[in-house]
Amino acid sequence: MSVKVKIPTQLRAATGGASEASVEGATVGEALDALYAQHEGLKDRITGDDGELRRFVNVYIGGEDIRFLDGLDTPVAAGGELTILPAVAGGR
Amino acid sequence: MSGTSLKCRECAATYELGARYVCENCFGPLEVSYDHSHLAGDVDGLRRRIQAGPQSIWRYSDFLPVETPPGVGATNLSRAGLPAGATPLIKADRLAERLGLGEVWVKNDAHNPTHSFKDRVVAVASQRALELGFDTLACASTGNLANAVAAQAAALGLPSYVFIPSDLEEQKILGTGVYGTNLVKVRGNYDDVNRLCTELSGERESWAFVNINMRSYYAEGSKTIAYEIAEQLGWETPDRIVSPIASGSLFTKIAKGFGEWLELGLITGAVPTMNGAQATGCAPVANAFAAGTDVCRPVKPNTIAKSLAIGNPADGPYAVELARRTGGAVDAVTDDEIRAGIRLLAETTGIFTETAGGVTTATLAKLAERGDIGHDERVVLVITGDGLKTLDAVKGTFESYEINPSFEDFEATVEQGVHA
């Protein structure tokens, strides 16, 4: 089943300018792995040596931060939408 | 300018001083690096130049990332923007006495043009935005920033877009819309607003989101609180700072400001012990501190301190590290303690602060009660905003008398009530 991934501007150099990708995967982790397979160089930017997402990378599914769900194990429904965004923003 | 580059706080990659805020290698936040070596030769001269500078943050422009700061004579709002900073530092003896402390000062940043410290950061961000060729100001805000961006845009004659959570306090909504901004109420919490704006900032290239794509510059404005405190104390550091934490930006930049001046020999002392203050209903940084980790697990905010209600704090890990390194702590206080904190500050100093200031004052009281603060310490409490912005928080916290317009009723109801 197909999942849509929205790519932030900061990563589009690694996706040849593409702002979206369509991948297969039943969980967030599987969908991201499929994305890394499509675009070389993406994985090193958003995951650390331990394979986990870096601490300033936020991934949302349907607008909800995956850290409030099951992280990379969170299931993704067919037609679901993942958004990758930098965690750098905010007030005081 | 003294700024030399943008440097990633995670992997140390450097970039030129452009409109970039995230490291392309690792997504880490970018921070402005400086070379102040040309200032080190004549520290006395530098002190005199600062003292002769404008009564605003621009007296510290050697330490801010802008090319053409408004000068001493800059009184034209359409060029200089609103004059932020130069707020009072007040010795609060009755507050100290009430808490059994030796020396407490209040840095009252409610004295800024839109009544919060946000005018400082917006002044720097908007100046840099103009230099970089942006034509519109924007922000994601918990309220105070909304006021500051809308007002600054009006002063500079720029269009603006302000995004806020739809459940914000009415005072903050009214105090934003009045400036003629495009006010967008987002159905969600601050973290939802932030996510939307992070996405938008990638799609609207001529917009300067002050706390997103301008964040590296914006955050530097908070250092001016440290500079002012040091200058107002006679070019010395205080022993301890108690400051609110939402994203952790203000907290870490205050320490950076003291550090820069200590390194130059402009002031004496040491980086103060840094105490951070959060509300129990949104305490990801205090939780991480208590758990002995620097991983700030995001939370869903539920507190009356809406201006601190950031569940996913961008500078949280750095705030935890700073508190530990300086022998400080990050504490959290309940909504009832927040209300009591607002009352305590108001009753002992005549300063009415918003809920964030209640958090900070309540945290000071907690530290005092815990015996963390030595009697010989000089403590500065950073009050970041005005109580008129969160009036609901003090509803029902005091009694009043209602009488007929007669002397007898006054005596019977009020005076006997007082002496009863």
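This is a predicted model: local features need pLDDT of at least 70, side-chain atom pairs count only at pLDDT 80 or more; totals for chains, interfaces and linings use all residues.
**Exercise 1.** Find how confident the predictor is in chain B and in the complex.

*Solution.* Start with the chain: chain B has a mean pLDDT of 94, and 98% of its residues reach 70 or more. Then turn to the complex, which is given an ipTM of 0.84 and a pTM of 0.93.

**Exercise 2.** Describe the side of chain B that touches chain A: how many residues take part, and which helices supply them?

*Solution.* Take C-beta atoms within 7 Å as the contact criterion. With this cut-off, 36 residues of chain B meet 23 residues of chain A. Next, look at the elements: α7 (190-203) and α10 (249-264) of chain B each supply at least two residues of that side. The largest share, seven residues, comes from α7(B).

**Exercise 3.** Trace the six-stranded open sheet of chain B and find what lies across its strands.

*Solution.* First write down the strand order in chain B, β4-β5-β13-β10-β11-β12, with mixed pairing. The edges are β4 (89-91) and β12 (329-333) of chain B, each pairing on one side only. On average, neighbouring strands of the sheet are turned by 25° against each other, direction ignored.

Now zoom in on one pair: β5 (residues 103-108) and β13 (residues 378-383) of chain B run parallel and are joined by six bridges. Here Trp105(B) stands opposite Val380(B) in β13(B).

Notes:
Residues are numbered from 1 along each chain as its sequence is written. Chains are lettered from A and ligands numbered from 1 in the order in which they are written. Two residues are in contact if their C-beta atoms, placed from the backbone, lie within 7 Å. Helices (H or I, at least four residues) and strands (E, at least two) are DSSP runs, numbered from the N terminus. pLDDT is the predictor's confidence in each residue, from 0 to 100. Two strands pair if DSSP finds at least two bridges between them. Axes are lines fitted to C-alpha atoms, for helices over the stretch in contact, and angles run from 0 to 180 degrees between N-to-C directions.
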